[in-house]
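Student: Can we go through this one together? I'd like to begin with what the words mean.
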Amino acid sequence: MNWLCTPYVIILFLAGCFTLLLSIELFKRRKDRSAFYLALALAAEAEWVFFVGMGAAVVELENKILFSKISYIGVYNCIPLFLLFTIHYSGMGDKIQKWFVFPL
């Protein structure tokens, strides 16, 4: 597998590392539901950014497609988790039902 190390790829990996470190710090405060959902959202975002960076770094088209497909896991999980974070952060977390969280 051939890799290209461009400034764009370096910035993506640095952003992914920073987001992952922030997520780990928030997991230490997971007793607070808003911190827990934000940590999960940031972990999904870090996964998204890492695989977008890997897709930008590889040369072969098959690997670009593979990393693009894997990055969608983070894309699809990021938005609902940020929604849950904002609901809990605004103080309305006790008003949502458990059945609402599961389909998200």
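Tutor: Buried means under 20% relative accessible area, exposed over 50%, and partly exposed in between (1.4 Å probe, protein chains only). This is a predicted model, where local features need pLDDT of at least 70, side-chain atom pairs count only at pLDDT 80 or more, and totals for chains, interfaces and linings use all residues. Residues are numbered from 1 along each chain as its sequence is written, and side-chain values use heavy atoms, with hydrogens and water left out.

Student: OK. Is Ile 24 buried, exposed or partly exposed?
Tutor: Ile 24 is partly exposed, because its relative accessible area is 42%. Ile 24 belongs to helix α1, residues 7–27. Helices are DSSP runs (H or I, at least four residues), numbered from the N terminus.

Student: And Thr 19, buried or exposed?
Tutor: Buried, since the relative accessible area of Thr 19 is 9%.

Student: What is Thr 19 in contact with?
Tutor: Apart from neighbours within four places in sequence, Thr 19 is in contact with Leu 42, Glu 45 and Ala 46. Contact means heavy atoms within 4.5 Å.

Student: Which other residues of α1 are buried?
Tutor: Val 9, Leu 12, Gly 16, Ser 23 and Leu 26 are buried along with Thr 19. Seen down the axis of α1, the buried residues fall within an arc of 110°, so they line one face of the helix. The arc is taken from the directions from the helix axis to the C-beta atoms.

Student: What do they pack against?
Tutor: The buried residues of α1 pack against α2 (33–57).

Student: What's exposed on the other side of α1?
Tutor: Pro 7, Ile 11, Leu 14, Phe 18 and Leu 21 are exposed there.

Methods:
Helix = DSSP H or I, 4+ residues; strand = E, 2+ residues; numbered from the N terminus.
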